[in-house]
Every structure is written in C-alpha cells, then in structure tokens.
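Subject: Structure handover and notes

Dear colleague,

Please find below the structure that I promised to pass on, together with its sequence.

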Amino acid sequence: LEYNYVENVEIMREPFRKSHISLVREMKAEGKIIMGGAHKDMKGAHIIFNDERSLDEFVEADPYVLNNIVTSFEKKEWTVVVD
C-alpha cells in the first residue's frame, strides 16, 4: 500500500496519530501487516500486508484515510526476491 499525504502532515495528522498507530500495531500483532512507515520526506508512506483483504480492511478503518490526511493511495503488488 502506498499513501500520499497532505502538506504539513506532521501537524495535520496529530489528532489522528494515536488511533492510526494503534490500528497499525493491532494488525501487525494479528500478522496482517508485515512492516510499514512514512517516507523520509513525509510526502507519503508504504505499508506491506500479507494479503489484499487485510489491506482493504486497514484502508477502510484508518483514521488518516477517514480524516483526509491521505490524499490518495495505491495498491501495488510486488514480488519477493529475497526472503
């Protein structure tokens, strides 16, 4: 999952950050998320999921999406070369 963020995301996300991180941790603990994080330039983020269903579940519940911190997102499939 690739996210694109609003300008000034560090400020704009603050009211929703705790809930967003909580959802990430919950889904990571359930084995649905492998890893994720924001880009260094803070223009977006990537989150890697075990399956598309988990990705969809996350996007539907993510406070960043629900509160327009994410301006757009794209599902991207990838092939693991090294495990």
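A salt bridge is counted here when a side-chain nitrogen of Lys or Arg lies within 4 Å of a carboxyl oxygen of Asp or Glu, and by this rule the count comes to five salt bridges. Please bear in mind that this is a predicted model, in which local features need pLDDT of at least 70 and side-chain atom pairs count only at pLDDT 80 or more, while totals for chains, interfaces and linings use all residues. Residues are numbered from 1 along each chain as its sequence is written, and side-chain values use heavy atoms, with hydrogens and water left out.

Two further conventions are needed for what follows. Helices (H or I, at least four residues) and strands (E, at least two) are DSSP runs, numbered from the N terminus. A residue is called buried under 20% relative accessible area, exposed over 50%, and partly exposed in between, with a 1.4 Å probe and protein chains only.

One of the salt bridges joins Glu 2 to Lys 76, with 2.8 Å between the closest N and O atoms. Because Glu 2 belongs to strand 1 (residues 2-5) and Lys 76 to the segment after strand 4 (70-74), this pair ties together parts that are 74 residues apart in sequence. Glu 2 is buried, at a relative accessible area of 16%, whereas Lys 76 is partly exposed, at 46%.

Another salt bridge links the side chains of Glu 30 and Lys 32, at 3.3 Å from N to O, and Lys 32 also meets Glu 57 in a salt bridge, at 3.1 Å from N to O. Lys 32 sits in the loop between helix 2 (14-29) and strand 2 (33-38), while Glu 57 is in helix 3 (residues 52-61), so the pair ties together parts that are 25 residues apart in sequence. Through shared partners, salt bridges join Glu 30, Lys 32 and Glu 57 into one network. Glu 30 is partly exposed at 44% relative accessible area, as are Lys 32 at 22% and Glu 57 at 36%.

Turning to the backbone, Met 42 has a positive phi of about 60° although it is not a glycine; this residue lies in the loop between strand 2 and strand 3 (44-49) and is buried, at 17% relative accessibility. Asn 68, likewise not a glycine, has a positive phi of about 60°. Asn 68 is found in the loop between helix 4 (63-66) and strand 4, and is exposed, with a relative accessible area of 57%.
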